[in-house]
Amino acid sequence: MLILGIRIRWRVLDQGTFFCPSCGGDRKYAHKQAKRWFTLFFVPLVPLNAVGDTYECHSCHRTFNERVLHTPTTSDLASRLQWAMRLSVCSMVLDDDPHHQPSRQAAIAAVRSTGATHYSETHLDADLRAIDLTQLSAAAEHLADDFEPAGKEHYLLTSGRVALASGRLSPTNHATLEQLGRSIGLTPAHVHGVLHQLIAEAAPHPLG
Ligand SMILES: [Zn+2]
């Protein structure tokens, strides 16, 4: 007697890293596809149609549909923020004397605050020599969709404080920050508020 049947088998198509909504962090996933197989004596013989794809987290083993890949990973967000910060601090420092120590230290601290803890004087020098500042607006626009207003404000304020480390907020840096605020997707009122705060920080504090 022949025993015929249909069985579903899962196959791993590829693997990668995603932001697992269940774990709340970056995790490895396996992209699996289910296929119906025609079986004979319980042995799969003929592949039939695919019945669905799923993305399984290696850590919690929960499965998700492909929309889960639309959420950027934490490391992707961090590297985008680091790139945008390297560009903005170089833009601020290059507007004045690039050897001015307080400006350089503020620039290094700003980039390190994005998680690039290895960023050093050597890295800053390399960036000041070679970085392409025409990419600044695009880098900021690339943060617009995935960062909350508080994160955008922090980015703008941190960049502005690098400019202030030279002792003043120059008209060029003021204009660059205004443009950056627009590129990153803050409202004009919000940008105005951040610039107002920076100008207040730049003003000499009354004694007492
Ligand atoms: Zn997980």
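**Metal site and salt bridges**

Tutor: C23 is partly exposed, at 27% relative accessible area. Buried means under 20% relative accessible area, exposed means over 50%, and partly exposed lies in between (1.4 Å probe, protein chains only). This is a predicted model: local features need pLDDT of at least 70, side-chain atom pairs count only at pLDDT 80 or more, and totals for chains, interfaces and linings use all residues. Residues are numbered from 1 along each chain as its sequence is written, and side-chain values use heavy atoms, with hydrogens and water left out.

Student: Which atoms coordinate the zinc ion?

Tutor: The SG atoms of C20, C23, C57 and C60, at 2.2 to 2.4 Å. Donors are N, O and S atoms within 2.8 Å of the metal (3.2 Å for Na, K and Ca); water is not among the atoms, so sites may look incomplete.

Student: What's the geometry of the zinc site?

Tutor: Tetrahedral, with angles of 103 to 116° among the four donor atoms. Four donors count as tetrahedral if all angles lie between 85 and 135 degrees.

Student: And what spacing do the donors follow along the chain?

Tutor: C-x2-C-x33-C-x2-C. C23 sits in the loop between β1 (4-20) and β2, C57 in strand β3, and the two are 34 residues apart. Strands (E, at least two residues) and helices (H or I, at least four) are DSSP runs, numbered from the N terminus.

Student: Is C57 buried or exposed?

Tutor: C57 is buried, at 0% relative accessibility.

Student: Switching topic. How many salt bridges are in the whole structure?

Tutor: Seven. A salt bridge here is a side-chain nitrogen of Lys or Arg within 4 Å of a carboxyl oxygen of Asp or Glu. One of them pairs K32 with E56, 2.8 Å from N to O.

Student: Why does the K32 and E56 pair tie together parts apart in sequence?

Tutor: K32 lies in strand β2 (residues 25-40) and E56 in strand β3 (residues 43-57), so the pair joins parts 24 residues apart in sequence. E56 is buried, at 18% relative accessibility.

Student: What does R80 pair with?

Tutor: R80 bridges to D146, with the closest N and O atoms 3.0 Å apart. R80 is in helix α1 (residues 74-94) and D146 in the loop between α4 (136-144) and α5 (149-164), so this pair ties together parts 66 residues apart in sequence. R80 is buried at 11%, while D146 is partly exposed at 33%.

Student: Which residues form a network with R80?

Tutor: D76 and D146, joined with R80 by salt bridges that share partners.

Note on methods: Tetrahedral: all angles 85-135°; square planar, octahedral: opposite > 155°, others 65-115°.
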